[in-house]
Amino acid sequence: MNPLRAIFVALVVVAGLGCRPDMYNQPRYKTYAEDRFFRDGASARPLPVHTVARGHADLDTEYFTGLTDEGKLVETLPQPVTRAMLQRGRERFDIYCAVCHGRTGEGNGMIVQRGFPAPPSYHTPRLRTAPVGHFYNVITNGYGVMYSYAARVEPDDRWAIAAYIRALQLAQNGTVDDVPTAERTALQTP
């Protein structure tokens, strides 16, 4: 017999002996199967009270879905809008949204300039009157050719982006009448 062939056969035999069926078929219980080890006769232990699965601590349905209990879009932001929130929203918007929607929300981002389908402008009447929950919901679930950003953008940041989109809409469509009277005179004075 060829010496190389003998070495190969020996290696196959040794490898085969190392693979025992009990390594693959390990003893285990199926969930909720009977077992005499515990007093209650169950193989699985009950979960401690108030245990929440990782990633499922979303008790506030409106906050985590952008929808009310009736399934309607949330009309107002669930937290007060602060300068820090708008700055965070702008930062996240510039990272995740501006590549398609553009820095001003016109729908002319760099990806669109390279041939991808253009998203609608945030300044259209339909989106200016859309509830703020719409933007949160679209970020969470995606819409049209936009895929979900739920795995990339945390819920706090989704609301911050939604607030920033509202700020973009107000800035783009604002009038002098929207400025408080005390500051309006300062704007009109040369």
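Trainee: What radius of gyration does the protein chain have, and what would a compact globule of 190 residues have?

Mentor: First, a caution: this is a predicted model. The protein chain has a radius of gyration of 29 Å. A compact globule of 190 residues would have one near 16 Å. The C-alpha atoms fill a box of roughly 100 × 60 × 25 Å along the principal axes.

Trainee: How many helices and strands does the protein chain have?

Mentor: There are 9 helices and 0 strands. Read along the sequence, the pattern is α-α-α-α-α-α-α-α-α.

Trainee: What share of the residues is buried?

Mentor: Buried residues make up 27% of the 190 residues. Now take contacts between residues at least 6 apart in sequence: 46% of them join residues at least 24 apart.

Trainee: Why is Thr 140 called buried?

Mentor: Thr 140 lies in H7. Its relative accessible area is 12%. Buried means under 20%, so Thr 140 is buried. Leaving out residues up to four places away in sequence, Thr 140 touches Ser 148, Tyr 149, Ala 150 and Arg 158.

Trainee: Ser 148 is one of those neighbours. Why is Ser 148 called partly exposed?

Mentor: Its relative accessible area is 28%. Ser 148 sits in the loop between H7 and H8. Its contacts, with residues up to four places away left out, are Ile 139, Thr 140, Asn 141 and Gly 142. Ser 148 and Asn 137 are 11 residues apart in sequence, and their C-alpha atoms are 9.3 Å apart.

Trainee: What is the phi of Gly 142, the residue that follows H7?

Mentor: Gly 142 has a positive phi, near 80 degrees.

Trainee: Which residue has a positive phi although it is not a glycine?

Mentor: His 50, with a phi of about 65 degrees. Most residues other than glycine have a negative phi. His 50 is in the loop between helix H2 (21-24) and H3.

Trainee: Why does His 50 count as exposed?

Mentor: Exposed means over 50% relative accessible area. His 50 has 75%, so it counts as exposed.

Trainee: What makes Gly 66 buried?

Mentor: Its relative accessible area is 0%. The limit is under 20%, so Gly 66 is buried. Gly 66 is placed in the loop between H3 and H4. Beyond residues up to four places away in sequence, Gly 66 touches several others, including Lys 72, Gly 133, Tyr 136 and Trp 159. Gly 66 and Cys 97 are 31 residues apart in sequence and 18 Å apart in space, C-alpha to C-alpha.

Trainee: How many disulfides does a search of the whole structure find?

Mentor: It finds 0. Take Cys 97: the nearest cysteine sulfur, that of Cys 100, is 8.8 Å away. A disulfide needs sulfur atoms within 2.5 Å, and Cys 97 is in no disulfide. Cys 100 is in no disulfide either.

Trainee: What volume does the largest pocket have, and which residues are closest to its centre?

Mentor: The volume is about 580 Å³. Of the 26 lining residues, Cys 100, His 101, Pro 119, Tyr 143 and Met 146 are the closest to the centre. The elements that give two or more residues to the lining are helix H4 (83-101), H6, H7 and H8.

Trainee: How do the lining residues divide into nonpolar, polar and charged?

Mentor: There are 22 nonpolar, 3 polar and 1 charged.

Terms used:
Residues are numbered from 1 along each chain as its sequence is written. This is a predicted model: local features need pLDDT of at least 70, side-chain atom pairs count only at pLDDT 80 or more; totals for chains, interfaces and linings use all residues. Side-chain values use heavy atoms; hydrogens and water are left out. Helices (H or I, at least four residues) and strands (E, at least two) are DSSP runs, numbered from the N terminus. On a 1 Å grid over the protein atoms alone, a cavity is a set of points where a 1.4 Å probe fits but cannot get out, and a pocket is an open set with protein on both sides within 12 Å along at least five of seven lines; lining residues have an atom within 4 Å of a point. Grid points are joined across faces, edges and corners, and a volume is the space filled by probe spheres set on the points. Ala, Val, Leu, Ile, Met, Phe, Trp, Tyr, Cys and Pro count as nonpolar, Asp, Glu, Lys and Arg as charged, and the others, Gly among them, as polar. The radius of gyration is taken over C-alpha atoms; the globule rule is 2.2 Å times the number of residues to the power 0.38. Buried means under 20% relative accessible area, exposed over 50%, partly exposed in between (1.4 Å probe, protein chains only). Contact means heavy atoms within 4.5 Å.
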